[in-house]
Amino acid sequence: MRYQPQHKAETHRRLLDMAALRFRAEGLANVGIANLMADLGLTHGGFYAHFDSKQQLVAEASQQAILALAADWQQRLAHPPAGQTASATLAASYLTRAHRDFPDSGCILAALGSELARQSKPVRQAVTAGLAQQLAVLSAANEQDRTRGQANALPATAQLALMVGALLLSRLVTDEALSDRIVDEARHALQVNDEASGGGSANL
């Protein structure tokens, strides 16, 4: 059976979405191609109509997940809550207990950063390109704040490092009170107004 080009594109997108979810939930090494394809009702052999290797899948799925978060941030910049700076709005949406507790639908850098750092150069290049877009959005938020006289003291790179690092550590520790404190103090450091943000929510 011959499929239309849009069918292949849609299948490719579904593969990337499912791979990103499974990678975040289980880790890169624990996700097999056969099981991934079976999840979508596809054959193992059909994988190679879309990707040359699992490494290519990891690269594309990771980059797509990072860019999706950057796009979400871009939308949030258009309507920051009253009393909240633009940069704090992004931090408020990221540093939440919901995001901490559901890594399979959240930031792939916080879920898989240490694993991605050990991948091949093409994978890390794809991640780097996505990360650059996230930094661009954070920088735009900082510029938006500067024009309003609300400049954040931290540059975009430091903001992103604090956000990702805090989320990763909050998931790592077994002490629930410490985990909450890590998230809360990172929010405070990034000037999140919890009343304005409603405490934040994760919908990544």
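These are my notebook entries on a predicted model of one protein chain.

**Ground rules.** I number residues from 1 along each chain as its sequence is written. Because the model is predicted, I take local features only at pLDDT of at least 70 and side-chain atom pairs only at pLDDT 80 or more, while totals for chains, interfaces and linings use all residues, and side-chain values use heavy atoms, with hydrogens and water left out.

**Overall fold.** I looked up the secondary structure first. The protein chain has ten helices and zero strands. I take helices (H or I, at least four residues) and strands (E, at least two) as DSSP runs, numbered from the N terminus. The order from the N terminus is α-α-α-α-α-α-α-α-α-α. The radius of gyration is 18 Å, close to the 17 Å of the globule rule for 204 residues, so the chain is as compact as a globular protein of that length. I take that radius over C-alpha atoms; the rule is 2.2 Å times the number of residues to the power 0.38. Along the principal axes, the C-alpha atoms fill a box of roughly 60 × 40 × 30 Å.

I find 41% of the 204 residues buried. Buried means under 20% relative accessible area, exposed over 50%, and partly exposed in between (1.4 Å probe, protein chains only). Of the contacts with a separation of 6 or more, 71% join residues 24 or more positions apart. A contact means heavy atoms within 4.5 Å.

**Core.** Which residues touch the most other members of the largest nonpolar core? They are Phe23, Leu57, Trp73, Tyr94 and Leu95, out of 54 residues. Two or more core residues come from each of α1 (5-26), α2 (33-39), α3 (54-78), α4 (86-94), α6 (108-116), α7 (121-147), α8 (156-172) and α9 (176-189). The largest share, ten residues, is from α3. I count as a nonpolar core a set of buried Ala, Val, Leu, Ile, Met, Phe, Trp, Tyr and Cys residues joined through side-chain atoms within 4.5 Å. I then followed Tyr94. Leaving out residues up to four places away in sequence, Tyr94 touches Leu69, Trp73, His99, Cys107, Ala110, Met163, Val164 and Leu167.

**α3 against α6.** I checked this pair next. The two helices pack at about 150°, with axes 11 Å apart. Axes are lines fitted to C-alpha atoms, for helices over the stretch in contact, and angles run from 0 to 180 degrees between N-to-C directions. From α3, Val58, Ser62, Ala65 and Ile66 make the contact; from α6, Ile108, Leu109 and Leu116 do. Six of these residues are nonpolar, one is polar and none is charged.

**Ser62.** This residue sits in α3. Is Ser62 buried or exposed? Ser62 is buried, at 0% relative accessible area. Beyond its neighbours within four places in sequence, Ser62 contacts Ile108, Leu116 and Val127.

**Ala166.** I moved on to α8, where Ala166 lies. Ala166 is buried, with a relative accessible area of 5%. Neighbours within four places aside, Ala166 contacts Leu95, Ile182 and Ala186. Ala166 and Ala186 are 20 residues apart in sequence, yet 6.5 Å apart in space, C-alpha to C-alpha.

**Arg76.** Last, I looked at Arg76, in α3. Arg76 counts as partly exposed because its relative accessibility is 23%. Arg76 and Ser93 are 17 residues apart in sequence and 8.7 Å apart in space, C-alpha to C-alpha.

Notes: Nonpolar A, V, L, I, M, F, W, Y, C, P; charged D, E, K, R; others polar.
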